[in-house]
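Here is a friendly walk through one structure, with a look at its open space and its aromatic rings. Please keep the model open beside you as you read.

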Amino acid sequence: MKEIFDICRFWALARKYYRENMKTILIFLGVMIIVTLVFVCGFNPFEPEYTELDDMYTEADYLELFSGKFTLIFWGLLGVFSMVVASYSFVDFMSVKKSFGALLLPASSFEKLLLVTLNSTVVILLVYLAIFYGITNAACSFKYMAYDKSDRIAYSDSWLGFTYPVLKPGTEIVHPKVINVFYFVDKISEVSAYVQAAQEHGSVGIKKTQKIYGTSFLVWNFLIIHWTYFVFMFMWGALTFRKRSVLLTIFLHGLFFLFLGWLIYRVGTASWWRVSREDMMLYELYFYNTSIFTPSSLSWLLFLYVVPLTYMGVIWKKFKNKQV
């Protein structure tokens with residue numbers, strides 16, 4: 001049997017983990033469902049919301065509004081849930097009572113770390129995607145409804161205490177649709193192509209110095225870099241601090257980014273710096289301006305991948321030493 005990785009041994013390790021932690025996993029899934037429902041329904045899932053079209057909104061604006069809202073909710077809650085999973089990823093190895101059994105478990109260090117990493121990235125992403133789409137589609141069917149204002153006859157009071165419009169027979173009800181939560185990748189690419197074309201043709205209102213490099217390839221990679229860095233950061237904290245890992249991780253990285261921001265600002269605005277602040281890649285990478293920015297070259301992209309990979313290297317080193 002292979003010492004580093006064996007698929008049968010890895011599946012046995014995964015089955016053991018999910019079987020022993022099934023109660024905690026089910027409770028966490030229940031929390032994810034309830035929290036998602038509350039946020040999607042605007043903290044009031046019991047009162048439907050009716051919107052008159054052709055007044056404040058057209059149908060396209062109405063659907064676009066909810067698309068942006070749902071996308072923001074998805075990524076915000078996914079970040080919170082991923083932080084929780086990553087922060088408790090090494091709880092068995094950091095616990096005084098459980099660490100001995102976890103360390104002596106007949107599986108390689110790579111297999112244990114791989115299971116933890118997959119749980120904190122791929123598993124939580126796929127599980128929450130399914131939960132979010134299921135909850136949001138259900139919520140849209142009873143919570144949010146839009147209609148043409150000319151089809152409303154009067155308002156009536158419900159026995160639950162909310163007011164609802166009385167509509168003409170046959171009125172078409174429009175419900176928000178849950179689109180692809182990654183749609184902003186195409187949005188950035190479209191805006192980037194538009195601004196680039198406008199700059200080339202000298203359109204009014206488009207600054208020549210405005211930099212937008214939003215191809216789909218770069219935006220996807222930039223998203224992966226941000227996502228893996230965020231998860232690996234809290235995994236590092238979970239393996240470094242025995243207690244209050246979330247607070248200590250946020251505190252240390254907050255201090256680091258404040259110092260880094262101050263340093264880059266001072267360098268970017270220094271009088272001896274020959275490159276203007278607007279043209280400095282590192283300045284725009286740290287301080288987002290009004291343009292949509294992603295690295296413009298493959299070399300910068302590879303450089304950014306060094307950050308999450310360095311975190312994973314440190315995690316691997318600390319975890320492997322803990323196995324000894």
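The report below covers a pocket, a helix and some ring pairs.

You are looking at a predicted model, in which local features need pLDDT of at least 70, side-chain atom pairs count only at pLDDT 80 or more, and totals for chains, interfaces and linings use all residues. Numbering runs from 1 along each chain as its sequence is written, and side-chain values rest on heavy atoms, with hydrogens and water left out.

**The largest pocket**

The largest pocket holds about 990 Å³. A pocket here is an open set of points on a 1 Å grid, where a 1.4 Å probe fits, with protein on both sides within 12 Å along at least five of seven lines; lining residues have an atom within 4 Å of a point. The volume is the space filled by probe spheres set on those points.

In total, 32 residues line this pocket, and Tyr17, Asn21, Ile25, Tyr88 and Asn119 lie nearest its centre. The lining is made up of 20 nonpolar, seven polar and five charged residues. For this count, Ala, Val, Leu, Ile, Met, Phe, Trp, Tyr, Cys and Pro are nonpolar, Asp, Glu, Lys and Arg are charged, and the others, Gly among them, are polar.

**Helix α6**

The helix α6 (109–142) gives the lining its largest share, eight residues. Helices are DSSP runs (H or I, at least four residues), numbered from the N terminus. At Asn119, α6 bends by about 45°, taken as the angle between axes fitted to the seven residues ending there and the seven starting there. Asn119 is also among the residues nearest the pocket centre.

**Aromatic pairs**

The whole structure contains 27 aromatic pairs. Rings of Phe, Tyr and Trp (its six-membered ring) pair if their centres lie within 6.5 Å; planes under 30 degrees apart are stacked, over 60 edge-to-face and the rest tilted. Two of the pairs are set out here.

| Pair | Centre to centre | Between planes | Type |
|---|---|---|---|
| Tyr128 and Phe132 | 6.0 Å | 45° | tilted |
| Phe256 and Phe257 | 5.4 Å | 70° | edge-to-face |

Why are Tyr128 and Phe132 separated by about one helical turn? Because they are four residues apart in helix α6. Tyr128 is buried, at 0% relative accessibility, and Phe132 is also buried at 0%; buried means under 20% relative accessible area, exposed over 50%, and partly exposed in between (1.4 Å probe, protein chains only). Phe256, by contrast, is partly exposed at 46%, and Phe257 is partly exposed at 30%.

Ring pairs also link a cluster whose members include Phe28, Trp75, Tyr128, Phe132 and Trp220.

Technical notes
Helix = DSSP H or I, 4+ residues; strand = E, 2+ residues; numbered from the N terminus.
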